[in-house]
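Open the model in your viewer and keep the selection tool ready. The stops below say what to pick next and what is there.

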Amino acid sequence: MERYIKLVIFDFDGTLADTKENIILTFQMTMKELGVEIKSRQECAATIGLTLEDAFKVLYPGMAAEKYILLRDTYRRIFKENRKILVPGLFPEVMETLEELRRRGYLMSIASSRLSPSLHSFLEDMKIAHLFEYAVGGDNVEHPKPAPDAVLQILRHYNLSAEEAFVVGDMPFDINMATNAGVKSCGVTWGNADAAQLKESGANYVIDKMSQLLEILN
């Protein structure tokens with residue numbers, strides 16, 4: 001259907017990789033260690049896709065700036081420890097779909113709020129790094145999602161227009177990022193938001209399994 005697309009830009013957490021349990025566990029362990037109110041799983045999951053500092057600002061509005069930095073740094077330390085115990089993997093059909101998109105000649109990139117060292121480490125561990133020539137982490141842009149910075153940076157890298165790109169993500173932040181960059185988008189329902197939230201945020205398409213992306217990009 002989208003016959004003029006040359007580049008597919010994927011979110012990482014909740015779209016390609018099933019990291020939800022790692023993230024929620026780390027959020028709650030961070031809260032417990034620092035003695036702040038422990039937020040629910042649903043509240044924690046709703047911030048996935050934001051930078052850590054922005055996530056904690058949503059969870060605990062009005063704190064001093066130093067407290068957000070402490071929460072962020074504690075989270076990062078605990079996440080590294082948890083990753084050794086709870087090893088995340090790819091969602092079903094992700095590998096096969098990525099390989100088929102590559103076979104069809106699509107360029108593929110990643111726009112993530114995760115720090116780039118962590119992002120690249122996951123890509124290597126999951127054996128999909130070779131499918132992405134260019135990946136943008138939260139530390140590579142001035143303004144994180146839902147700002148369009150990551151998508152615009154990727155478009156500049158490939159010297160492509162917004163009409164030639166397509167964003168795939170699991171959260172309204174991803175869809176808003178795409179819209180703000182003038183790019184069409186597809187929401188996925190196996191991550192951290194449901195179909196209604198994705199449609200409300202303006203997704204052009206919503207899919208329930210990754211292989212359906214091949215029908216859109218036919």
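**Stop 1: Gln-153**

Select Gln-153 and show its neighbours: Tyr-134, Val-136, Asn-140 and Val-141 are in contact with Gln-153, leaving aside residues up to four places away in sequence. Contact means heavy atoms within 4.5 Å. This is a predicted model, where local features need pLDDT of at least 70, side-chain atom pairs count only at pLDDT 80 or more, and totals for chains, interfaces and linings use all residues. Residues are numbered from 1 along each chain as its sequence is written, and side-chain values use heavy atoms, with hydrogens and water left out.

Gln-153 sits in helix H7, residues 149-158. Helices (H or I, at least four residues) and strands (E, at least two) are DSSP runs, numbered from the N terminus. Is Gln-153 buried or exposed? Gln-153 is buried, at a relative accessible area of 18%. The cut-offs are under 20% for buried and over 50% for exposed, with partly exposed in between (1.4 Å probe, protein chains only).

**Stop 2: the cores**

Next, select Phe-10, Leu-16, Phe-27 and Phe-132. Of the 56 residues in the largest nonpolar core, these four touch the most other members. A second, separate core has 19 residues, among them Ile-9, Tyr-134, Leu-155 and Tyr-158. A nonpolar core is a set of buried Ala, Val, Leu, Ile, Met, Phe, Trp, Tyr and Cys residues joined through side-chain atoms within 4.5 Å.

Zoom in on Phe-10. Its contacts beyond four places in sequence include Leu-98, Met-108, Phe-132, Val-168 and Leu-213.

**Stop 3: H3 against H4**

Show helix H3 (residues 52-59) with helix H4 (residues 65-85). Their axes lie 9 Å apart, at an angle of about 120°. H3 is therefore oblique to H4. Axes are lines fitted to C-alpha atoms, for helices over the stretch in contact, and angles run from 0 to 180 degrees between N-to-C directions. Under 35 degrees counts as roughly parallel, over 145 as roughly antiparallel, 65 to 115 as roughly perpendicular and the rest as oblique.

From H3, Leu-52, Glu-53, Phe-56 and Lys-57 meet H4 residues including Tyr-68, Leu-71 and Tyr-75.

**Stop 4: Ala-203**

Finish at Ala-203, in the loop between helix H9 (195-200) and strand E6 (205-207). Ala-203 is buried at 14% relative accessibility. Ala-203 touches Ile-175, Ser-185, Gly-187 and Leu-198, not counting residues up to four places away in sequence.
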